[in-house]
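User: I am new to this structure and would like to learn how to read its features. Could we take them one at a time?

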Amino acid sequence: MSDPRFPIGEFALDGAITPQRLDGFVDTLANAPADFRVAVEGLTDAQLDTRYREGGWTVRQVIHHVIREAEVLDFLHGGQHAGDADAVGDEVGRVLCTHH
């Protein structure tokens, strides 16, 4: 890894952002809370508090950040997934907070 800030490389957008593509991005973020819930199931506190690099965020912090961003973006995009994202986000938040 040449730059620890970008363990999988810097973001590079391929092509233009069309309304359809934006809808796909929003859908991906709206599904993120449920995907994270599955991903963190069974992790220990030590695993949730692991940083991917010195000075980087923990798994717990990344998940909280992505869930909140997903909720904000969903709201701004019309809230088509708001109920699902809120419910799952709250559940994941409770799981993460009870582990801490």
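Analyst: We can start with a salt bridge in this predicted model. Arg-60 pairs with Asp-49, and their closest N and O atoms are 2.9 Å apart. Arg-60 lies in helix H3 and Asp-49 in the loop between H2 and H3, so the pair ties together parts that are 11 residues apart in sequence.

User: How many salt bridges does the structure hold?

Analyst: There are two. Arg-60 also forms a salt bridge with Asp-45, with 3.6 Å between the closest N and O atoms. This pair links distant parts of the chain, 15 residues apart: Arg-60 in helix H3 (residues 59-76) and Asp-45 in helix H2 (residues 45-48).

User: Is Arg-60 buried or exposed?

Analyst: The cut-off for buried is under 20% relative accessible area. Arg-60 has 7% relative accessibility, so Arg-60 counts as buried. Asp-45, at 34%, counts as partly exposed, and Asp-49 is partly exposed at 30%. Through shared partners, salt bridges join Asp-45, Asp-49 and Arg-60 into one network.

User: Which residues line the largest pocket?

Analyst: The lining consists of Arg-5, Phe-6, Pro-7, Ile-8, Gly-9, Phe-11 and Tyr-52. By class, five are nonpolar, one is polar and one is charged. The space in this pocket is about 260 Å³.

User: Where is Ala-34?

Analyst: Ala-34 is in helix H1, which covers residues 19-40. With 27% relative accessibility, Ala-34 counts as partly exposed. Sequence distance and spatial distance can be read side by side here: Ala-34 and Ile-67 are 33 residues apart in sequence, while their C-alpha atoms are 9.4 Å apart in space.

Terms used. Residues are numbered from 1 along each chain as its sequence is written. This is a predicted model: local features need pLDDT of at least 70, side-chain atom pairs count only at pLDDT 80 or more; totals for chains, interfaces and linings use all residues. Side-chain values use heavy atoms; hydrogens and water are left out. Helices (H or I, at least four residues) and strands (E, at least two) are DSSP runs, numbered from the N terminus. Buried means under 20% relative accessible area, exposed over 50%, partly exposed in between (1.4 Å probe, protein chains only). On a 1 Å grid over the protein atoms alone, a cavity is a set of points where a 1.4 Å probe fits but cannot get out, and a pocket is an open set with protein on both sides within 12 Å along at least five of seven lines; lining residues have an atom within 4 Å of a point. Grid points are joined across faces, edges and corners, and a volume is the space filled by probe spheres set on the points. Ala, Val, Leu, Ile, Met, Phe, Trp, Tyr, Cys and Pro count as nonpolar, Asp, Glu, Lys and Arg as charged, and the others, Gly among them, as polar. A salt bridge is a side-chain nitrogen of Lys or Arg within 4 Å of a carboxyl oxygen of Asp or Glu.
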